[in-house]
Amino acid sequence: MNRRYTRALITGVGGQDGAWLAAQLLSEGIQVTGTHRPSSPAGNWRLDELGIAAHAGLKLRTLDLGDPPACRLVVADVAPQAIFHLAGQSRVADSFRDPLGSVQANGVGTLNLLEAMRRDAPDAHFVLASSAEIFGSPEKAPQDENTPTVATSPYGLSKLLAHASMNSWRASFGLAASSAILFNHESELRDVAFVTRKITRAVARISMGLEQELSLGNLDARRDFGYAPEYVAALADMADRDTGADYVLATGHAASVREFATAAFASVGITLEWSGVGEDEIALDTLTGKRKIRIDSSLFRPVDAPLLVGDSAKARTHLGFNPRVELEELARRMVEADLERERRGKTG
Ligand code: GDP
């Protein structure tokens, strides 16, 4: 595929989306500079698993997004034609423990990078990883680009500040800047702090006899779980366009955490039987009668949208976005990757 850009900057290259995107762009012959926090370790298991850690087209640098001169230095130095801003504090649950840290990292960090682009690479296309959390607990479903933004969690607020900043810089300075309003997108490279990976890792370990059961919080939350590589492909396509725009990226199908867990256990041949309500809900293995899931009330959040499900008609029309991986397949792939890691004694 011929892109308009041959040099790309990816902030947060060591994260799930950064790693997948770097792999895709490198496979297309694009030069990638990826940044990571000064505090993160030099090696990165995701880049290793994707086999790109030592790729000749990939340069890694540290960048503190809270440091405006450092942002300018990196942007001026790399002279990117596409900037993918994926770095930040990505965990909603953590944002209740450190709300200002989240706003600082995601909101102010984005402003610093936008300003660096305005001054030092104004012709680049900026793509922001925004989030469905900017909709808070929306009354209407599905949500699209016109859904009112009323963030509730501090994480949602931090992403809303980033999203609004990008809109402001686009309107005020004519920058090509796009916001990808990402609904939950999962993969083999998901961090274990997220519920899908927490489940698939536990399923792998339980099926190997290394663990007995799994504790979860809110099972009723319904999310639009997509497959991350399909989403980063849309980010790459956004940067190919002349002008920036907002795009919802979502499958359009919602599933509860309970349904995801059921699918993940099913992929290793364990059928769950659910019983009880609220904090007393449990899931038993129908074959052995042993408990596999219980509720830990400390995992509930102060606010948690009951249903986030997106309408990505605009991205489908403009970008050809067409997510295909469905829930069972997603769970199966993630469990398979975790089984493989456990067999090799690797963590991820
Ligand atoms: P998020 O949607 O970006 O916050 O992604 P998460 O994977 O962290 O959470 C998705 C949903 O799973 C939320 O509604 C959580 O409340 C719910 N959930 C239930 N149990 C857990 C758990 O043990 N860990 C996490 N991270 N989320 C959980």
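## Ligand shell

Val195, Lys198, Gly217, Arg301 and Asp304 come nearest among the 15 residues around the ligand, where a residue is near a molecule if one of its heavy atoms lies within 4 Å of it. By class, the shell comprises eight nonpolar, three polar and four charged residues; Ala, Val, Leu, Ile, Met, Phe, Trp, Tyr, Cys and Pro count as nonpolar, Asp, Glu, Lys and Arg as charged, and the others, Gly among them, as polar.

The model is predicted: local features need pLDDT of at least 70 and side-chain atom pairs count only at pLDDT 80 or more, while totals for chains, interfaces and linings use all residues. Residues are numbered from 1 along each chain as its sequence is written, and side-chain values use heavy atoms, with hydrogens and water left out.

## Polar atoms at the ligand

An N or O atom in the side chain of Asp304 is 2.6 Å from a ligand oxygen atom. For Arg301, a polar side-chain atom lies 2.7 Å from an oxygen atom of the ligand, and for Arg223 the corresponding distance is 3.3 Å. The protein buries 93% of the 530 Å² that the ligand exposes when taken alone, with areas from the Shrake-Rupley method and a 1.4 Å probe.

## Pro323

Pro323 is located in the loop between helix H10 (313-319) and helix H11 (327-344); helices are DSSP runs (H or I, at least four residues), numbered from the N terminus. Its relative accessible area is 14%, so Pro323 is buried (under 20%, 1.4 Å probe, protein chains only).

Beyond its neighbours within four places in sequence, Pro323 is in contact (heavy atoms within 4.5 Å) with Glu230, Tyr231, Ala250, Thr251 and Arg316. Leu235 is 88 residues from Pro323 in sequence, and their C-alpha atoms are 13 Å apart in space.

Note on methods: A polar contact is a pair of N or O atoms within 3.5 Å; within protein, one must be able to donate a hydrogen and the other to accept it, and residues adjacent in sequence count only if both atoms are side-chain atoms. Helices (H or I, at least four residues) and strands (E, at least two) are DSSP runs, numbered from the N terminus. Buried means under 20% relative accessible area, exposed over 50%, partly exposed in between (1.4 Å probe, protein chains only).
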